[in-house]
Amino acid sequence: MKIKKTLLLIFYFFYSQITIAEIAIKNWKTSNGFNTFFVESHELPIIDININFDAGSAYDPEQKRGLANLTNHLMTLGSDNLSEDESADRFTDIGAILSNETDLDYARISLRSLSDKKLFNQAIEAFEGVISKPNFNPKVFEREKANLIALIKQQETEPEQIGERAFRKLLYPSHPYQNYEIGDLDSVNNITSDDVVNFYQNYFSANNGSIVIVGDLSKEEAKSLAEKLAAHFKKTQDRQIQIVNPTPGTQIQIDHPAAQAHLYFGAPIMKRNDPDFFPLYLGNYILGGGGFVSRLTNEIREKRGLVYSVYSYFMPHREAGPFQINLQTKKSQIDQAYSLVKKILNEFIEKGPTQQELDDAKTNMVGGFPLRLDSNKKIIEYISMMAVYNYPVDYIQQFSKNINQVSLEDIKDAFQRRLDMSKFSTVIVGKK
């Protein structure tokens, strides 16, 4: 058994060193301020582009929640005097893929194209229309708004969505992080087509944007491309997300006819670039983020059979994102499962992990890290996170070193300083 483990460690070490060494990140700013990251990769004839903006749902006006998400979505549905179908056909005909994403902190427009010069130039031409001249067709706006309202109505019947929305409101009672990305019925009904145009003009700007390019082109070509894309945006007023202030823990129960009860337990803890990131991140892997090797799963599922899955995670944002523990179980078992969660978490905060748990967690996390970067798609997603949150360019190369430097005392100290269970809130959906 020891020989197998040693061989596995050797494989992980060499594979991770080779994979990470191949990711040479170049970083610069365009002439109008776009922070740009580039990774040259010629293994596949593909180029991926992400353009990110500080234009997530945290910037939604109070009475128009869902505006950021709707704006970003509509940008992909018609541009530069092209109808929705004509715009879609342009990408389809050349094998290009246009996509978008809206998070609490950011909005993203993405393009994947073949690197063939003729096809790529056509893809970029169409992409420029999307990012710089979205037509926000009124009929398309009304249709997508109606679809969004229908989706929200459906989610309001689902216990997972009910619990998640209620949990956010407890954690962030006076902060925009309570907003659900797609909004709610009242707020979406308030959104007008003029609101969409104004949000695009104010938040999709040069001073809050970043560009990430990964794929089959040279650095000189990437620089020229970044300048070309960035040139479509002007600078606007800088905006900041307000600081998250801690609130007393609150517990609520929501009746639901579902067969199982759903538990949400946690508090706002950690933001991006947090000095305690690695001790908290590694500690959580041991506590509840490592699947079947975590304490929560071992104690609550494996030993007692109370749940099918139970897990914990940190979700850092620009400001303090949540640490939370989620599980589902029979309604008759929810009190027992909830008590166990609090007991296990309290013991972990007080005593920390064992040396064996720490050693195993480091092996798994360092060894598995290259799997997060084994394709261009994964690389651009990871580097986009770095770009949005201003991570250092050598973050990937330093990841394994930072993990391996974490000690038992580091984890214990970070959890004791940062996790105060008296400030944790709880939502239980489905309990009688």
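**A first look at the model**

Me: Over which residues does pLDDT stay under 50?
Reply: pLDDT, the predictor's confidence in each residue on a scale from 0 to 100, stays under 50 over residues 4-18. For residues 4-18 the model has ten contacts beyond four places in sequence, a contact being heavy atoms within 4.5 Å.

Me: And what does the protein average?
Reply: The average pLDDT is 93, and 95% of the residues score at least 70. This is a predicted model, in which local features need pLDDT of at least 70 and side-chain atom pairs count only at pLDDT 80 or more, while totals for chains, interfaces and linings use all residues. Residues are numbered from 1 along each chain as its sequence is written, and side-chain values use heavy atoms, leaving out hydrogens and water.

Me: How many bridges join strand 1 to strand 2?
Reply: Five bridges join strand 1 to strand 2 (residues 35-40), and the two run antiparallel. Asparagine 27 stands opposite phenylalanine 37 in strand 2.

Me: Now the rings. How many aromatic pairs does the structure hold?
Reply: There are 28 aromatic pairs. Rings of Phe, Tyr and Trp (its six-membered ring) pair if their centres lie within 6.5 Å; planes under 30 degrees apart count as stacked, over 60 as edge-to-face and the rest as tilted. The rings of phenylalanine 53 and phenylalanine 204 have centres 4.9 Å apart and planes at 50 degrees, so this pair is tilted.

Me: Where do phenylalanine 53 and phenylalanine 204 lie?
Reply: Phenylalanine 53 is in strand 3 (residues 46-53) and phenylalanine 204 is in the loop between helix 8 (193-203) and strand 6 (209-215), so the pair ties together parts that are 151 residues apart in sequence. Both phenylalanine 53 and phenylalanine 204 are buried. Buried means under 20% relative accessible area, exposed over 50%, and partly exposed in between (1.4 Å probe, protein chains only).

Me: What about aspartate 274: buried or exposed?
Reply: Aspartate 274 counts as buried because its relative accessibility is 9%. Aspartate 274 lies in the loop between strand 8 (260-270) and helix 10 (277-289). Not counting residues up to four places away in sequence, aspartate 274 touches Ile269 and Arg418.

Me: And asparagine 273, what is its phi?
Reply: Asparagine 273 has a positive phi of about 60 degrees although it is not a glycine. Most residues other than glycine have a negative phi. Asparagine 273 is found in the loop between strand 8 and helix 10, and counts as partly exposed because its relative accessibility is 42%.

Me: Lastly, where is lysine 351?
Reply: Lysine 351 is in helix 12 (residues 334-351). Lysine 351 counts as exposed because its relative accessibility is 63%.

Conventions: Helices (H or I, at least four residues) and strands (E, at least two) are DSSP runs, numbered from the N terminus. Two strands pair if DSSP finds at least two bridges between them.
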